[in-house]
Amino acid sequence: MKKIACVSLAAITSLLFSAASQSDVKSLRGDELNAMAKAPEKLEIMNVKGGIERSYKLQPPMVPHEVDKYEINLKVNGCLTCHSEKTYEEKKAPKVGDSHYENRDGKILKTISSRRYFCNQCHAPQLSADPLVQNNFQGAK
């Protein structure tokens, strides 16, 4: 019984000391960790007529418009209202790539493969943000 009481007392004491020292903890940059973070600036989605140029040959195309309100789940894919094989011409939008109709064994399917159904896994909209770090990347032309 004494052993349990000693261990409990030691645990409570260590918790009290660790809580007291929390206010002195600083980040590697010297900032206090309990300081309030700044709210990120409001960035706008870039709407680019004609699309965004690819940086390398097999890069998935970037989305040149807003997609925040598009619903993509097991039952609905908002991207397909414009980009499906049935609607792309009428909507003047690029058609979903033929590779999206192949399963992993290379068999051509009548509908989009479940591996490619969730468009935002690979395709992302661009924000009008300045780069966080200097970038000298030059894509293949």
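**Figure 1. The largest pocket of this predicted model.** About 890 Å³ of space sits in this pocket. To find a pocket, a 1 Å grid is laid over the protein atoms alone; a pocket is an open set of points with protein on both sides within 12 Å along at least five of seven lines, and a lining residue has an atom within 4 Å of a point. The volume is the space filled by probe spheres set on the points, which are joined across faces, edges and corners. There are 37 lining residues here, and P61, M62, V63, H83 and H123 lie nearest the centre. Sorted by class, the lining has 22 nonpolar, 9 polar and 6 charged residues. In this sorting, Ala, Val, Leu, Ile, Met, Phe, Trp, Tyr, Cys and Pro are nonpolar, Asp, Glu, Lys and Arg are charged, and the others, Gly among them, are polar. Helix α2 (residues 80–83) gives the most to the lining, with 3 residues.

**Figure 2. The second largest pocket.** This one has a volume of about 220 Å³. Its lining is made by L80, S84, E85, K86, Y101, K110, T111, I112 and Y117. By class, that makes 4 nonpolar, 2 polar and 3 charged residues.

**Figure 3. Y117 and its contacts.** Look for Y117 in the segment after α3. Y117 is buried, because its relative accessible area is 17% (buried means under 20%, exposed over 50% and partly exposed in between, with a 1.4 Å probe and protein chains only). Leaving aside neighbours within four places in sequence, Y117 is in contact (heavy atoms within 4.5 Å) with I72, N73, L74, K75, V76, N77, L80 and I112. Take N73: it is 44 residues from Y117 in sequence, yet their C-alpha atoms are 8.9 Å apart.

**Figure 4. Y70, in the loop between α1 and α2.** Y70 counts as partly exposed because its relative accessibility is 33%. Not counting residues up to four places away in sequence, Y70 touches H65, G78 and C79. Y70 and T81 are 11 residues apart along the chain, with 9.9 Å between their C-alpha atoms.

**Figure 5. K92, a residue with a positive phi.** K92 sits in the segment after α3 (88–91). Its phi is near 55°, a positive value in a residue other than glycine. Is K92 buried or exposed? With 78% relative accessibility, K92 counts as exposed.

Figure 6. Along the sequence the pattern reads α-α-α. Confidence is given as pLDDT, the predictor's score for each residue from 0 to 100. The protein averages 84, and 89% of the residues score at least 70. Buried residues make up 13% of the 141 residues.

**Notes on all views.** Residues are numbered from 1 along each chain as its sequence is written, and side-chain values use heavy atoms, with hydrogens and water left out. Because this is a predicted model, local features need pLDDT of at least 70 and side-chain atom pairs count only at pLDDT 80 or more, while totals for chains, interfaces and linings use all residues.

How values were computed:
Helix = DSSP H or I, 4+ residues; strand = E, 2+ residues; numbered from the N terminus. 1 Å grid on protein atoms, 1.4 Å probe; cavity = no way out; pocket = protein on both sides within 12 Å on 5 of 7 lines; lining within 4 Å.
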